[in-house]
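Hi,

Here is the structure I promised to pass on. Have a look at it first, then read my notes below.

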Amino acid sequence: MHLSDIKHYERCPRLFWLCLHEPKPFVPFVYYNGSMSDYIREYFAVTDCFQGQAGDDGQLAMQAIKETAVLINARFEYQNLRVKVSLMMKACEQWDVYFAYASCYPRDNEAQKIADTICVLEALGIAIRDVKVIHLNADYVRGETLNVKEMLVVTEYLYHRRNKAAETVLSLVNQVRRNVFAPLKEMHGLWEGDVLAASEGPHCMKGGKCRYYDDCFPNPTSDTCITNLMQTAHKYNMMEQGIHDMKDVDMALLEGTRQQYAQLMAARHNGFYMDRFALSSWMDDQLHYPLSYLDFEWETFVYPPYKGMRSYDVLVFQYSLHVESNQDAPLIHHEYIGQGDCRIAFIEHLIQHIPATGTILVFNMEGAEKLRLRQLAEQFPSYHDALMSLCDRMVDLSLPFASGCIYDSRMRGFYSLKKLAEIFGGLDYHALDISQGLQAAHGWRMMEDDEEAAETIRMALLKYCAMDTYAEYVLLHRMMKLVKQA
């Protein structure tokens, strides 16, 4: 057993069983382009240490603490519960323990995991003198070479949601200490038994939709099922009251957001709702020809790979641009894909081909394309004004859906571009070799590692990104048509 197993068990016993018996591969959302263990060794100038490996017997670490003063990634085990410690350094007859995070602000809720790990160490008779955290420095900007001393931060604090230092790790740990071994007997019983029946509840969406949700509930509910209701904490309470369909919901039971209103109106009017006046006003105010439909693809690096970048900065390696010079004019398409540190080439190619005037339509731009351009403007000041002028002309195509101006019950509470392109435009991404962003980032990495497959991957990336901008075009024109027909 591992601490992650206890976390799964506490969320949902069925999830615990599924993770052990039917594990799903972990797909990171970012590129771990370095080794935290190697950086820790460099930071502390460690030349001689015990270096743990995945699958180590717990006795190896217990033997190592008798023979060496520094342990990295040591695995310990007590009562069949295994834990890993990023760094341990001997201090007289005690140990300073460090927990490493490849993030900039490890949260104060990490205290439980740290407390449980310490519980195992103390059960093994290991005396702890101090507990600290190692994490990435959000303010560090890479120069020509990587400076590990500046990139890493060693602190005795964890952080709350506003990225401010909360309490010391030891103080937080003392608040959440518990007998971590207490649930193990029951967990072993569940592990050795048959899978539990699926039971839907708030735990299914806690911290995001459970990755086993579709396995637990393979038979799709109706489009207007109460579980598809957005932005409410009360849908499971309503289900317990016998309310299972949106059309039966009393608005007084809800928070009253525009999205909820749109969903309920669609449920009561043949699956579709549109605020024609609001949508028409948005179009009249925001759309100015030529219309540019823009989409980027990028890779997020945990450790800054190039000069001027921070941890978790993004490198944009591709764009697709469809241009509609006036209504009903044929689309003109431009595209770019680069390799390595292609930031300047990307900027110059985009500025050269995007129209100097008109609206730039982007889907979900604030956390994506607009943010990418702002980062590039910061990294390359000579292009700052040109890039920021593009930001000023951007209009978010997701806004009519996010604000509840238009809703189709087939959306089921989601409004991703792919979902909307399928519902409103009949487009299908499934036929593409690359059909979503994580695949695109992985494919871009593979272009450098596999020369034989590079051209095939390149063509797949171009088709995928071009599909996104064409989907934006199709989606907008479908909304235009709906407004005219209303």
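Before the sheets, one term: two strands pair if DSSP finds at least two bridges between them. Helices (H or I, at least four residues) and strands (E, at least two) are DSSP runs, numbered from the N terminus. Bear in mind that this is a predicted model, where local features need pLDDT of at least 70, side-chain atom pairs count only at pLDDT 80 or more, and totals for chains, interfaces and linings use all residues. Residues are numbered from 1 along each chain as its sequence is written, and side-chain values use heavy atoms, with hydrogens and water left out.

Now the sheets. Six strands make an open sheet with mixed pairing, in the order β1-β2-β3-β4-β5-β6. At its edges are β1 (50-51) and β6 (152-155), each with a single partner strand, so one side of each has no neighbour in the sheet. Inside it, β3 (residues 81-91) and β4 (residues 94-100) run antiparallel and are joined by five bridges. Methionine 89, for instance, has aspartate 96 in β4 as its bridge partner. Helix α5 (residues 111-123) lies across β2 (70-78), β3, β4 and β5 (128-136), at about 75° to β3; axes here are lines fitted to C-alpha atoms, for helices over the stretch in contact, and angles run from 0 to 180 degrees between N-to-C directions.

Alanine 69 is worth a click too: find it in the loop between α4 (58-67) and β2. Leaving aside neighbours within four places in sequence, alanine 69 is in contact (heavy atoms within 4.5 Å) with Met88, Met89, Lys90 and Trp95.

There is another open sheet, with five strands in the order β12-β11-β10-β13-β14 and mixed pairing. Its edges are β12 (332-337) and β14 (394-396), each with a single partner strand, so one side of each is left without a neighbour in the sheet. From one strand to the next, the twist averages 25°. Strands β10 (residues 291-300) and β11 (residues 314-324) pair in the antiparallel sense over 10 bridges; glutamate 297 has glutamine 318 in β11 as its bridge partner. Helix α13 (residues 343-353) lies across β10, β11 and β12, at about 10° to β11.

On to the nonpolar cores, which are sets of buried Ala, Val, Leu, Ile, Met, Phe, Trp, Tyr and Cys residues joined through side-chain atoms within 4.5 Å. The largest has 76 residues, and among those touching the most other members are Met283, Phe346 and Leu350. Helix α19 (residues 454-485) gives the largest share of this core, 15 residues. Apart from it lies another core of 41 residues, including Ala61 and Cys119.

Leucine 350, leaving aside its neighbours within four places in sequence, is in contact with Leu294, Phe296, Tyr319, Leu373 and Leu390.

Last, look at helix α11 (residues 258-268): eight of its 11 residues are buried, so it is largely enclosed by the rest of the structure. Gln259, Leu264 and Met265 are among the buried ones. The cover over them includes β9 (272-274), α16 (399-402) and β15 (406-408). Just after α11, asparagine 270 takes a positive phi of about 60°.

Enjoy exploring!

Terms used
Buried < 20%, exposed > 50% of the residue type's maximum accessible area, 1.4 Å probe, protein only.
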